[in-house]
Amino acid sequence: MSALLGPLLALAAAASPGERSPIIFPPQSLPVRFDHAEHIKGGADCLTCHDKARKSTRASDWNLPAHPECEPCHDLKKDKCATCHPGFDATARAAPERIAFPTANLIFDHQVHVSRKIACTTCHEGVENAQLATVQQLPKMATCLRCHDGAAAPSACTTCHLREPSGRLQLTFTQGALRPSTGNPFGADHGPRFEFNHQALGSTARATCLACHADRDCQKCHDGIQKPLAVHPNDWISLHGLQVHNQMLRCESCHRAQSFCIACHQRSGVSNEAPGVPRAPNHSVHGDLLAWTGLSNGDRVPMSGQHHAFQAARDIRSCMGCHREETCLKCHSQLEHRGINGRAANPHPPGFAAACRRYASINDRGCAVCHDAAYLAARGCR
């Protein structure tokens, strides 16, 4: 049990929004001894030692105290250097190890915050009780968002985060790639499976997504051809039939039925609609769906549940999984095929002739799929 719990706890700590990003705040080296709590108890405040922060306008400004800030209270000539620089050997005649405090990959203006009377401990939480302040006393994103809510202070990502010339956030740094912190300790809301549930966030907060992502990032999956294989579970080819019937519109958000689906069905033998494959007019894998039950109402066939016209009107997308437009034109066309028994079956509902001119005036390209120019001109459609 402990062998499993250890990695899980480590993952939770790494993904927790309470942790500061090592990309935003690169690792520090602080070879000094200092006690913030002791100094505050002695009457000092933050600006006593960090007076430079009053006029600091950049994250790269050095606001840590040096000897001049310490001398008003400490006699540096009498105090031993090792008091603040542990391990320092005066006999070696070498300078103490220097502090390494890399610039945060952020935009920050101390002067603005100080001028607005924002207490230092608002951003540097817990520093008043700390000894040596570390990255844990630097602000985390949740702290910033308390004020940067779009009302009290700007909420745009680029208010604090560095940007590229394109205007989007800079995501690549020497320390690595910047990734969003997550509210879920296991990264479920922007983690490895985020491609399955990002739709709602992408619809309601598209501007937030565009702060990091370009349209080309979406097109890598949403190009209408094929998603990465990671999107679908193993053996999806065998299992996808039921999902297609239930969520065809979701499938069509990435796949084109008349190219992607049919091409695969032809290769796998599910459909024999491949060009050059002969097909008898009344032969169908659907039993009697194509059976000619007799004509009524002119050239129309009664739309019973046992006829393909009923099924096509009910769910034409399922038909398109195997059949192309040319399949319908074998019977429903005045151009090349005369249909069963030499007749071109009329697919239009009763009374359509009275309204066909109006439809043709809007867009006659659909009419031209089945009717030639002479037919349309004779009826005043062109």
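## Starting point: Val112

Val112 has its place in helix H5; helices here are DSSP runs of H or I with at least four residues, strands are runs of E with at least two, and both are numbered from the N terminus. This residue is partly exposed, with a relative accessible area of 33%. On this scale, buried means under 20% relative accessible area, exposed means over 50%, and partly exposed lies in between, using a 1.4 Å probe and protein chains only. Val112 and Lys55 are 57 residues apart in sequence, while their C-alpha atoms are 8.6 Å apart in space.

Please keep in mind that this is a predicted model: local features need pLDDT of at least 70, side-chain atom pairs count only at pLDDT 80 or more, and totals for chains, interfaces and linings use all residues. Residues are numbered from 1 along each chain as its sequence is written, and side-chain values use heavy atoms, with hydrogens and water left out.

## Overall picture and confidence

The protein has 19 helices and 2 strands. Of its 382 residues, 19% count as buried. Its accessible surface comes to about 25,900 Å², and carbon and sulfur atoms hold 59% of that area; the areas come from the Shrake-Rupley method with a 1.4 Å probe, and for residues only the protein chains shown count as cover. Among contacts with a separation of 6 or more, 62% are between residues 24 or more positions apart, where contact means heavy atoms within 4.5 Å.

How confident is the predictor in the protein, on average? The mean pLDDT is 78, and 78% of the residues score at least 70; pLDDT is the predictor's confidence in each residue, from 0 to 100. Confidence is highest in H5, at a mean of 95, and lowest in helix H1 (residues 2-15), at 40.

## Aromatic rings

The structure holds 2 aromatic pairs. Rings of Phe, Tyr and Trp (its six-membered ring) pair if their centres lie within 6.5 Å; planes under 30 degrees apart count as stacked, over 60 as edge-to-face and the rest as tilted.

The rings of Phe352 and Tyr359 count as stacked because their planes are at 5°, with centres 5.6 Å apart. Phe352 is partly exposed at 23%, and Tyr359 is partly exposed at 41%.

Back at Trp62, which residues does it touch beyond four places away in sequence? They are Lys52, Ile99 and Phe101. The C-alpha atoms of Trp62 and His50 are separated by 9.6 Å, and the two residues are 12 apart along the chain.

## Cysteines

A search of the whole structure finds 0 disulfides, a disulfide being a pair of cysteine sulfur atoms within 2.5 Å. Cys209 is partly exposed at 25% relative accessibility, and Cys218 is partly exposed at 32%.

## Two loop residues

His161 lies in the loop between helix H7 (141-144) and strand S1 (172-173). Is His161 buried or exposed? It is buried, with a relative accessible area of 18%. Not counting residues up to four places away in sequence, His161 touches Ile24, Leu106, Ile107, Leu169 and Leu178.

Lys117 lies in the loop between H5 and helix H6 (120-123), and it is exposed, with a relative accessible area of 75%. Most residues other than glycine have a negative phi. Lys117 has a positive phi of about 60° although it is not a glycine.
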